[in-house]
Amino acid sequence: MTVKLKGTERDVVTIRWIPKYTTIERLGHWIHTTTFVPLAITGLILYMPFLQPLAQGEAGLLIRLVHRVAAVLFGLMPILYFVVQPRRFIMSIREFMFDKDDIGWVQNAFSYYLLGRHTAMPPQGRFNTGEKMNGLIMCVTWVVLGVTGLAMWFGKGTMPAGLFQWMVLIHDVAMIAAVCMFLVHLYLAVAHPLMWAGLVSMRFGVTSAAYAAEHHARWYYGPKRARQLYEEAKKKVASEAGH
Amino acid sequence: MTRVAMLIDETKCTACRGCQVACKQWNDREGWEYSKTVNTGSYENPPSLSPQTWTRIKFTEYDGPDGFRWLFLKEGCLHCGNPACVKVCPTAALKQQSDGRVTFERDLCNGCGYCSQFCPFSIPQLEVTNPYTGEARSSKCTFCQDRTGNGLLPACVKTCPPGALAWGDRDEMIAKGKARVEALQAMGFSNANLYGEAQVGGLGRLYVLAEKPAAYGLPADPKYPALADVWQSIAQPLGGIALGATVLGVIAAFFITRRNIRMEEVE
């Protein structure tokens, strides 16, 4: 859109906002974040040998306490989401299911997100494949970390030592998977130029219509129209490549 | 430095439990268990090792071919040559000294309790000082680290009236133990054996036993927990590499993306 500003004509970006997340979902996300980060930091202090001085004595007692307080909130949050908004919860789980368009996303993701080449992307739902992978890792590790963590917390001395040893090992492997995924998620959310709307929607609950049309076409247009647009885009790319 | 060891001749032990008292006295352990004696059907007391009891005489009622007999076992940390507790301790509160003693610094301990779960003999005891916050400290026999580190005998060895305990160079203790086993066998104790010469990297606590280890409740072939190595030597470095690689990858991706995507083109 073009407007007149102080005598000169300038292009102004207008954004139409559409709702994406409920308040409970955003609150849940930030509880998840503010408990995950302390959990990861206190866990890594016990895990990484070079952080050993922080794990010793009184400091160590404190980080263990912080870890368990944060763990309770971290563990309860998804359950509270389910209790407070069960329909939204189930809807979100459904939208996190993988489908055949995810294969196309993986094939195109490198050139699209890293090299900035606007190739035709298979239409994505409310969550794209990357978000689904993040969701999958977070759901699996939530369960694994919860089960092994509770076992280590309450099972020490009552469960067989051999089983406890497995719990420690599995807890650590799941932690590594979760923290690696978190780092990628953090980068995409705060630093990737194409993903500017992600942080906005997690803060304010809305996303840009134009952004949704490009990145979440199946959610924005519906499956039929999104498919049609995708086929057209593919033809266009192919004809351009032909010249 | 050569290894030191404690040789415990269980055939000389009279279960006077002077070692238990000397241990508590030197190491400032409480004796409250004695005021809460519980009848467990045996003369042994207290019923198990605890944060306050680092050594105790275990009573086994042995019904052998020659009739009923007591078997006494002076329980406590066995100071493995290959200590899993040291391997998994995240605070270095547990250390293996150059003479083989596995020492413990309470000030460094944060009470995680991994040592108690990885010990092949289940020796370290977790002293929970606050059940709500989970505040705890590990505890175990240190071979009286402050005495033996200064050329003194461990308190239990110093006090043992029948001379069942000996302390010194590990090779000498093994030779002494083997000679005693031979003498016992000559006396008719055909099952007499020396326990601890090769187990878990060679134990710092050697037992002269009149019967097979199983009769005393000792594992004949205690195993170093393989998961301690899988965790500390494989999973931990690999995890560190994975985290480092992710951080570097994300930073690299940031610069590559910034070069390739012009912000003006993004709505």
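Guide: Domain bounds here come from an automatic or database domain assignment. Keep in mind, too, that this is a predicted model.

Visitor: Thanks! Which domains does the assignment give for chain B?

Guide: Chain B gets domain 1, covering 1–222, and domain 2, covering 226–265.

Visitor: And what distance separates their centres?

Guide: Taken over C-alpha atoms, the centres of domain 1 of chain B and domain 2 of chain B are 46 Å apart.

Visitor: How does chain A divide up?

Guide: Chain A also has a domain 1, at 22–95, and a domain 2, made of 98–110 + 120–237. Their centres, again over C-alpha atoms, are separated by 17 Å.

Visitor: How many residues are in contact between those two domains of chain A?

Guide: Domain 1 of chain A puts 13 residues in contact with 13 residues of domain 2 of chain A. On the domain 1 side, helix H1 (23–47) and helix H3 (57–84) of chain A each supply at least two residues. H1(A) gives the most to that side, with seven residues.

Visitor: What classes of residue are on that domain 1 side?

Guide: The side of domain 1 of chain A that touches domain 2 of chain A has five nonpolar, five polar and three charged residues.

Visitor: Staying with chain A, what is it built from?

Guide: Chain A has 11 helices and four strands. Its C-alpha atoms fill a box of roughly 70 × 45 × 40 Å along the principal axes.

Visitor: What is its radius of gyration, next to that of a compact globule?

Guide: Chain A has 22 Å, whereas a compact globule of 243 residues would have a value near 18 Å. As for burial, 25% of the 243 residues of chain A count as buried.

Visitor: What about contacts along the sequence of chain A?

Guide: Take the contacts in chain A between residues at least 6 apart in sequence: 62% of them join residues at least 24 apart.

Visitor: Changing topic: which residues of H1(B) are buried?

Guide: Cys19(B), Gln20(B) and Cys23(B) are buried in H1(B). Seen down the axis of H1(B), the buried residues fall within an arc of 105°, so they line one face of the helix.

Visitor: What covers them?

Guide: The cover over the buried residues of H1(B) includes E2, strand E3 (67–75), helix H5 (155–159) and strand E8 (165–169) of chain B.

Visitor: What comes after H1(B)?

Guide: Asp28(B) follows H1(B), and its phi is positive, near 55°. Asp28(B) is in the loop between H1 and E2 of chain B.

Visitor: Is Asp28(B) buried or exposed?

Guide: Asp28(B) counts as exposed, because it has 7 C-beta neighbours inside 10 Å.

Visitor: Last topic, the largest nonpolar core. Which residues touch the most other members?

Guide: Of its 67 residues, Met6(B), Cys85(B), Leu165(B) and Leu206(B) touch the most other members. Strand E1 (residues 4–9) of chain B gives the most to this core, with five residues.

Visitor: What is Leu206(B) in contact with?

Guide: Leaving aside neighbours within four places in sequence, the contacts of Leu206(B) include Met6(B), Ile8(B), Met173(B) and Tyr195(B). There is also a second, separate core of 12 residues, which includes Met195(A), Ala217(A), Tyr220(A) and Ala226(A).

Methods
Residues numbered from 1 in each chain as written. Chains lettered and ligands numbered in written order. Predicted model: local features only at pLDDT ≥ 70, side-chain atom pairs only at ≥ 80, totals over all residues. Buried ≥ 20, exposed ≤ 12 C-beta atoms within 10 Å, placed from the backbone. Arc of directions from axis to C-beta. Contact = placed C-beta atoms within 7 Å. Core = buried A, V, L, I, M, F, W, Y, C linked by C-beta atoms within 7 Å. Rg over C-alpha atoms; globule rule 2.2 N^0.38 Å. Nonpolar A, V, L, I, M, F, W, Y, C, P; charged D, E, K, R; others polar.
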